[in-house]
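Hi,

Here is the model I promised to pass on.

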Amino acid sequence: MPEDTKIGKTARTFRPATQLVHAGTLRSGFGETSESLFLTQGFVYPSAEAAEARFKGEEPGFIYSRYANPTTDMFEKRMCALEGAEDARATASGMAAVAAAIICQVKAGDHVLAARAMFGSCRYIIETLLPRYGVDFTLIDGSRIENWQNAIRPNTKVLFLESPTNPTLEVIDISAVADVANSVGAKLIVDNVFATPLFQKPLELGAHIVVYSTTKHIDGQGRCLGGMILSDKAWIDENLHEYFRHTGPGLSPFNSWVMLKGLETLSVRVKQQTESAAKIADFLSTHSAISKVIYPGRADHPQADIISRQMKGGSTLLAFEVKGGKKAAFNFENTLEIILISNNLGDSKSLVTHPTTTTHKNLTDEARAELGISDGLLRLSVGLEDADDLIEDLDVALKAAL
């Protein structure tokens with residue numbers, strides 16, 4: 001069995017950058033520096049009695065990599081240390097995490113309440129998939145707490161929100177929504193991808209479950225997919241554990257290893273990307289081709305007061321609206337030299353997305369209008385390139401857009 005290696009020799013609490021390098025490390029008898037990659041489906045037991053004890057849960061150890069794996073275990077423990085969670089399960093993608101976190105705890109007759117500003121695939125799960133199994137739902141404008149209070153029901157089991165939201169970076173008061181969930185014994189799930197665990201701690205704010213697409217930021221280098229669900233151990237044992245074992249959404253050991261290496265540089269990358277994003281937002285706010293800029297680090301953000309209470313930083317992402325609608329947006333994208341057109345985000349390379357025709361294309365025109373997704377809206381994920389080079393690239397493309 002690998003040895004569980006703790007950080008240091010005392011019970012000191014270490015800061016995030018240190019946890020990202022060391023927390024949760026398992027080390028074999030070979031004493032390797034880098035985390036080991038355990039590419040195995042199954043595990044061997046020293047005796048029949050040991051196998052029985054392990055299956056009964058009386059003896060610690062691994063059984064099958066669909067259930068748990070040493071490399072994935074390290075990734076989960078490191079995320080727990082960063083997030084301040086008791087337990088976690090790593091999944092094959094961010095959407096596997098969202099689906100599992102919701103589905104594992106609802107049944108026919110239950111109600112799910114969610115902020116309508118969310119990624120298109122999340123809306124599919126709530127609007128299309130859940131009703132097939134008798135689960136009702138309500139979508140609301142999540143920016144107003146009274147909407148949550150008015151829509152909650154005695155049979156509401158799950159509240160779901162993104163904050164900041166995709167793609168308009170709307171920020172929701174997590175603590176206030178958690179109070180609404182607690183009023184009926186429901187569980188609040190927060191998708192924390194845009195804030196990252198470095199800038200926002202939903203569990204500290206009262207949320208019960210946090211989900212991530214670890215593809216974004218945590219890998220952050222365009223290599224592989226992954227997801228994570230974090231909560232207290234009691235909730236995971238009661239709701240997620242058996243669902244996870246029997247439906248098989250677990251992350252592969254190789255991808256877990258890639259994510260572990262990504263975590264080592266997460267704080268450095270996100271800090272630089274956020275500084276560049278703030279500089280770019282300031283530049284765009286004064287550009288004649290732009291009608292609107294949305295960035296959580298700016299004083300003119302619609303929820304600036306909430307941001308000051310619940311976030312420790314801005315974001316690597318911003319949204320802006322070019323004058324001239326879809327035609328101008330396409331001209332802009334097609335003129336860019338450094339910034340790439342892609343629906344991904346949180347990458348070391350800067351990426352731009354036109355939500356109306358990509359990530360949110362399946363929404364109706366009315367639904368997009370409700371969310372503020374116009375034909376001229378673009379979402380920019382800022383990478384690690386020089387910020388001044390990115391600004392020059394944006395400026396040239398904006399001049400060509402009109």
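Below is what turned up, starting with a sheet and moving on to the aromatic rings.

Bear in mind that this is a predicted model: local features need pLDDT of at least 70, side-chain atom pairs count only at pLDDT 80 or more, and totals for chains, interfaces and linings use all residues. Residues are numbered from 1 along each chain as its sequence is written, and side-chain values use heavy atoms, with hydrogens and water left out.

The sheet is open and mixed, with five strands in the order 10-11-14-13-12. Strands here are DSSP runs of E, at least two residues, and helices are runs of H or I, at least four residues, both numbered from the N terminus; two strands pair if DSSP finds at least two bridges between them. Strand 10 (290–294) and strand 12 (340–341) are the edges, each pairing on one side only. Strand 13 (residues 351–353) runs antiparallel to strand 14 (residues 377–381), with three bridges between them; L351 has S381 in strand 14 as its bridge partner.

On to the rings: the whole structure has five aromatic pairs (Phe, Tyr or Trp rings, the six-membered one for Trp, with centres within 6.5 Å; planes under 30 degrees apart are stacked, over 60 edge-to-face, the rest tilted). Among them, Y64 and Y67 are edge-to-face, because their planes are at 70°, with the centres 6.0 Å apart. F254 and W257 make a tilted pair, with centres 6.4 Å apart and planes at 35°. These two sit three residues apart in helix 11 (residues 253–264), so about one helical turn separates F254 from W257.

Cheers
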